[in-house]
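Here are some questions and answers for a reader who is new to this structure.

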Amino acid sequence: MRTAGRVVAGFFRLIEKEVKPGVTTKRLDEIAEEFIRSQGALPAFKGYYGYPATICASVNEEVVHGIPGARVLQEGDIVGVDVGAKFKGYFADAARTWAVGRIDKEDQRHIDVTRNALKEGIAKAVAGNRLSDISWAVQRFSEKNGFSVVREYVGHGIGKNLHEEPQVPNFGLPGRGPELLEGVALAIEPMLNRGGHEVKLLGDGWTVVTKDGKRSCHFEQTIFVGKKAAEVVTE
Ligand code: MF3
Ligand code: CO
């Protein structure tokens, strides 16, 4: 899993310079597939329930699972890029939202709050805590900063499968659910909306968008629950 995580992190480093006005989401997908295979790993999403690509690229009001294509990124867009890699049978899964060129101040705050909401969740991924302590930390931080958290899509266990038990919601009261055990692998992935938390699925069967058309932001890391602190696998 650590090797798969390093591949995912390497991909994000690689596209840092590529996410700019004029690039298509398809191009980012090609870079991802080529890089992952060059590392001896496999794209984790391609073929997953028929998903057609290596990354998900979700622009502006798209929340998650946007399919890469001919869309050209424009100055002022925000784009969530989600990627998974499989190495020797083990998975890692991560996402980051990027600014395309110069963006609005409130969009930058949205990105920063979502990244920090994930950090708040990861800080609770410590042995002896309960699963919903993560959920509560993400929700409290997000709402305190004026954003709503998506309910319909959640984080997950990960390991020999991309998605394993338990589900890791980004909302809920603390002190509930199973006790966290050292070494358990989780993909924590807050999705924060500028407007309401409601989402809907587009006709392509994949792309999730906000119901009110306002922008959404997504960050995800694969982590191991630690004794004192979590280990982030995809950094
Ligand atoms: N990180 C995404 C998730 O956990 C991965 C989606 S895989 C896809 O939902 F194939 F469904 F796109
Ligand atoms: Co995931």
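Buried means a relative accessible area under 20%, exposed means over 50%, and partly exposed lies in between. The model discussed here is predicted.

Q: Does E220 count as buried or exposed?
A: The cut-off for a buried residue is a relative accessible area under 20%. E220 has 1% relative accessibility, so E220 counts as buried.

Q: Which residues are the protein donors of the cobalt ion (ligand 2)?
A: The protein donors lie 2.1 to 2.2 Å from the cobalt ion (ligand 2). In sequence the donor residues follow the spacing D-x62-H-x32-E-x30-E. With their atoms, they are D93 (OD), H156 (NE2), E189 (OE) and E220 (OE).

Q: What is the arrangement of the six donor atoms around the cobalt ion (ligand 2)?
A: Six donors count as octahedral if opposite donors are over 155 degrees apart and all others between 65 and 115. Around the cobalt ion (ligand 2), the angles subtended by the six donor atoms run from 68 to 166°. The arrangement is therefore irregular.

Q: How many residues apart are D93 and E220?
A: D93 belongs to strand β5 (residues 90-99), whereas E220 sits in the loop between β13 and β14. D93 is buried, with a relative accessible area of 3%. The pair links distant parts of the chain, and the separation is 127 residues.

Q: How many of the residues of β5 are buried?
A: Strand β5 is mostly covered. A95, whose place is in β5, is one buried residue, at 3% relative accessibility. Of the 10 residues in β5, the number buried is eight.

Q: How many bridges join strand β4 to β5?
A: Strand β4 (residues 78-87) and β5 run antiparallel. D82 has A95 of β5 as its bridge partner. In the hairpin of β4 and β5, two residues stand between the strands, and K88 takes a positive phi near 45°. The number of bridges joining the strands is 10.

Q: Which residues does A95 touch, not counting residues up to four places away in sequence?
A: F45 is 50 residues from A95 along the chain, and their C-alpha atoms are separated by 13 Å. Contact needs heavy atoms within 4.5 Å. With residues up to four places away in sequence left out, A95 touches F12, V81, D82, H218, F219 and E220.

Q: Which are the edge strands of the open sheet?
A: Five strands form the open sheet, with antiparallel pairing, in the order β8-β7-β9-β14-β15. An edge strand here pairs on one side only. The edge strands are β8 (164-168) and β15 (231-232).

Q: Which helix packs on the sheet?
A: The helix touches β8 and β9 of the sheet. Its direction makes about 35° with that of β8. The helix is α4 (residues 131-144).

Q: Which residue forms a salt bridge with E33?
A: E33 has its place in helix α2, and at 18% relative accessibility E33 counts as buried. The closest N and O atoms of the salt bridge are 2.7 Å apart, and the partner is K46.

Q: Which residues are linked with E33 in a network of salt bridges?
A: Side chains of opposite charge can pair when their charged atoms come close. K46 counts as partly exposed, at 37% relative accessibility. The residues linked with E33 in the network are R37 and K46.

Q: How many residues apart in sequence are the parts that R215 and D107 tie together?
A: The side chains of R215 and D107 meet in a salt bridge of 2.8 Å, N to O. R215 lies in the loop between β12 (208-210) and β13 (216-218), and D107 in helix α3 (residues 105-123), so the pair ties together parts that are 108 residues apart.

Q: How many salt bridges does the count come to?
A: A salt bridge needs a side-chain nitrogen of Lys or Arg within 4 Å of a carboxyl oxygen of Asp or Glu. R71 and E62 form one of them, at 3.4 Å from N to O. The count comes to 11 salt bridges.

Terms used. Residues numbered from 1 in each chain as written. Chains lettered and ligands numbered in written order. Predicted model: local features only at pLDDT ≥ 70, side-chain atom pairs only at ≥ 80, totals over all residues. Heavy atoms only, no water. Buried < 20%, exposed > 50% of the residue type's maximum accessible area, 1.4 Å probe, protein only. Helix = DSSP H or I, 4+ residues; strand = E, 2+ residues; numbered from the N terminus. Pairing = 2+ DSSP bridges. Axes fitted to C-alpha atoms, helices over the stretch in contact; angles between N-to-C directions. Donors = N, O, S within 2.8 Å, 3.2 Å for Na, K, Ca; no water. Tetrahedral: all angles 85-135°; square planar, octahedral: opposite > 155°, others 65-115°.
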